[in-house]
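These entries record what I looked up, topic by topic.

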Amino acid sequence: MTMATLAVILSVGGILVTGLLAVLYVRDPVRGLAQTTHRPEFLPQVMADRYSAMCFLALGATVYGDLKVIAWLFTAFVLMGFADAWIYARAGHPYFKHLLSGVAAAVVVAVAVAAMALSGAA
């Protein structure tokens with residue numbers, strides 16, 4: 001087994017773990033918090049970490065310069081923005097900033113996909 005193969009296998013493990021945690025949070029947010037040992041009082045600091053990580057990912061994708069990677073990453077940002085907007089809108093809270101972040105990410109995706117299509121790289 002090569003190191004590249006091992007890296008891919010370990011990455012699949014990470015996908016499975018984060019996917020299972022996502023399902024856990026969707027089904028039972030309180031249990032999800034308990035299972036991951038997150039504390040509600042620290043969520044603002046955790047969100048700061050998450051936004052920093054998203055910025056780091058976007059920086060890496062941008063510096064790498066692969067339009068497929070940029071489109072894939074920003075599609076995840078579309079999902080987050082629209083999902084957060086939906087959650088807050090249903091609860092009757094302000095949601096425009098979340099909606100706008102989803103739209104802005106969608107513009108990045110659309111431009112990246114259009115660039116790939118025009119260049120024949122899609």
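I began with aromatic pairs: rings of Phe, Tyr and Trp (its six-membered ring) pair if their centres lie within 6.5 Å, and planes under 30 degrees apart count as stacked, over 60 as edge-to-face and the rest as tilted. I note that this is a predicted model, in which local features need pLDDT of at least 70, side-chain atom pairs count only at pLDDT 80 or more, and totals for chains, interfaces and linings use all residues. Residues are numbered from 1 along each chain as its sequence is written, and side-chain values use heavy atoms, with hydrogens and water left out.

**Entry: aromatic pair.** I found one aromatic pair in the structure. Phe 74 and Phe 77 form this edge-to-face pair, at 5.0 Å centre to centre and 75° between the planes. The two are separated by about one helical turn because they are three residues apart in helix α4. Helices here are DSSP runs (H or I, at least four residues), numbered from the N terminus.

**Entry: α3 against α4.** I then asked which residues of α3 meet α4. Met 54, Leu 57, Ala 58, Ala 61, Thr 62 and Tyr 64 in α3 meet Val 69, Ile 70, Leu 73, Phe 74, Phe 77 and Met 80 in α4, contact meaning heavy atoms within 4.5 Å.

**Entry: α4 against α5.** I looked up how helix α4 (residues 67-90) and helix α5 (residues 96-119) cross: their axes come within 7 Å, at roughly 155°. Axes are lines fitted to C-alpha atoms, for helices over the stretch in contact, and angles run from 0 to 180 degrees between N-to-C directions. The two helices are therefore roughly antiparallel (angles under 35 degrees count as roughly parallel, over 145 as roughly antiparallel, 65 to 115 as roughly perpendicular and the rest as oblique). The residues of the contact of α4 with α5 divide into 19 nonpolar, five polar and two charged.

**Entry: Thr 36.** I located Thr 36 in the loop between α2 (29-35) and α3 (43-64). Leaving aside neighbours within four places in sequence, Thr 36 is in contact with Leu 21 and Tyr 25.

Definitions and conventions: Ala, Val, Leu, Ile, Met, Phe, Trp, Tyr, Cys and Pro count as nonpolar, Asp, Glu, Lys and Arg as charged, and the others, Gly among them, as polar.
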